[in-house]
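Work through the exercises below with the sequence and the model at hand. Each task is followed by a stepwise solution.

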Amino acid sequence: GANEYWPVIDVNNKELEAVTEGAAEVRVDFDDGVITMSVAHLRRQQRIREERFKAELKENRISEGTLCAGAGMATLALHEGFARHGITMETRWIVDREKKYLQLAVDNNPAVTKKTRVITGRMEEIEPNVLSQVSICQFSLSCRGHSPSGKSKRKIKQAESHPEDSTGILGLARLMDAINPAIWISENVRAARESASYEMLRNMLKLLNYRVVEFELNNQQSGSFENRERYWLVGVSEGLSEFDPAQIPTYPKTYQRLADLIDPIDDNDPMWSDNSYLKAKAQKDAAKGSGFAKRQLLDPETATSCGVINRLYHKRQSTPPYIVNKAGKERLFTLAEQARAKSCTPDLVRWASFTTGTEALGQGIDQRQAEGIAEAIVRCLMRQPATIETFPQRVNEEGQWALAI
């Protein structure tokens, strides 16, 4: 009304700059006789992570943590990608709900050291305060609800209906503020890109002041024998340089033919089998026109790539790749061959049973995809010259396999 007054408070005091430091958003608390100003929480978090990132780069190191780590294939890949440019990645912690995969990481993964905290549990039950802040956080939400086979098996239409894995995105959301990395990196099957979980993730990252870049990679980029098509998401804090997927290097093929990759297995070895029941099933499916994918029967002399070797490969399913000898008998890839097909060192599954090793590798990644992302981060955010080199292996002071830099 005409008798109402609205007081105006003009603040023109350079001393406030010591508090706000040019922040675009501030928090103002009004109490009786007191006005308190501070940097808004999300902007304060952004400043903290960006300053940490820049400080670490001055020392040619980068701190990292991995959620849903498995045996740490993605952790190892980032480690090697940064090592090519003289940057030491310090893995502060890894998290997974399966102890048997984490044990492989502890025993065999050179990116996991005595200083790495190893945490067993679901993201939904991990207390945020047990995870230290790091500059890079890598995670791979379970793909079992996103993949067509996972939906078919569970008879669900959307990943968020999976009875065991649907709440993973909520567990991640609980931890994001505590971890506060400068860079988020996520890998999943291509179908995950259209899911509600990843729509939530994209929007959450934007709210937290990250720029989100999405892209897909396969073995045309990685040069791996296995063609594992995957969806990647990279979120970079807004105050840092932009990430450009075009800077991800393309690697040369390591193995031109399957014969170059596989181990010599004698034709009389019990690994070879007629697999009569699989042949009969394929004929039955073809006759019924059921639409099941054809079997992958690979001749070592002519095969130049293979399809995905999944986590249930040890169960001798119909559609994953089999090696065929001249007598027409079939066998599965050995653990070492599976690792090579994914551009991973077989040492990662050293001492593992065939089942555990296959599960760990099958739910892992095409390692050179993540190596390429690490190299692109160097090119885009660290401004160092890009080279693709192969470094010899050695045993470090702690008795673990490592890169010689």
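**Exercise 1. Determine how many residues of helix α3 are buried, and describe how α3 sits on its sheet.**

Step 1. Helices (H or I, at least four residues) and strands (E, at least two) are DSSP runs, numbered from the N terminus. The model is predicted: local features need pLDDT of at least 70 and side-chain atom pairs count only at pLDDT 80 or more, whereas totals for chains, interfaces and linings use all residues. Residues are numbered from 1 along each chain as its sequence is written, and side-chain values use heavy atoms, with hydrogens and water left out.

Step 2. The buried residues of α3 include Met-73, His-79, Glu-80 and Phe-82.

Step 3. Now take the sheet. It is open, has 7 strands in the order β5-β4-β3-β6-β7-β9-β8, and its pairing is mixed; two strands pair if DSSP finds at least two bridges between them. At the edges stand β5 (117–120) and β8 (210–217), each with a single partner strand, so one side of each lacks a neighbour in the sheet. From one strand to the next the twist averages 15 degrees.

Step 4. Strand β4 (residues 88–96) pairs with β5 in the parallel sense over 4 bridges, and Val-95 stands opposite Ile-119 in β5.

Step 5. Helix α3 packs on this sheet and touches β3 (61–67), β4, β6 (136–139) and β7, its direction making about 175 degrees with that of β4. Contact means heavy atoms within 4.5 Å. Axes are lines fitted to C-alpha atoms, for helices over the stretch in contact, and angles run from 0 to 180 degrees between N-to-C directions.

**Exercise 2. Describe the packing of α4 and α12.**

Step 1. Helix α4 (residues 99–108) and helix α12 (residues 354–362) pack at an angle of about 85 degrees, and their axes are 10 Å apart.

Step 2. The two helices α4 and α12 are therefore roughly perpendicular, a term for angles of 65 to 115 degrees.

Step 3. On the α4 side, Lys-100, Tyr-101 and Leu-104 meet Thr-356, Glu-359 and Ala-360 of α12.

**Exercise 3. Which residues does Arg-202 contact, leaving aside its neighbours within four places in sequence?**

Step 1. Arg-202 is found in helix α7 (residues 196–207) and is buried, with a relative accessible area of 10%.

Step 2. With those neighbours left aside, Arg-202 is in contact with Arg-193, Ser-195, Val-212, Glu-214, Tyr-231 and Leu-233.

Step 3. The side chain of Arg-202 makes a polar contact with the side chain of Glu-214 at 2.6 Å. A polar contact is a pair of N or O atoms within 3.5 Å; within protein, one must be able to donate a hydrogen and the other to accept it, and residues adjacent in sequence count only if both atoms are side-chain atoms. A polar atom of the Arg-202 side chain also lies 3.2 Å from the backbone oxygen of Arg-193.

**Exercise 4. Is Asn-180 buried or exposed, and what is its phi?**

Step 1. Asn-180 is placed in the loop between α6 (168–179) and β7 (183–188).

Step 2. Phi of Asn-180 is near 45 degrees, a positive value in a residue other than glycine. Most residues other than glycine have a negative phi.

Step 3. At 2% relative accessibility, Asn-180 counts as buried.

How values were computed: Angles under 35 degrees count as roughly parallel, over 145 as roughly antiparallel, 65 to 115 as roughly perpendicular and the rest as oblique. Buried means under 20% relative accessible area, exposed over 50%, partly exposed in between (1.4 Å probe, protein chains only).
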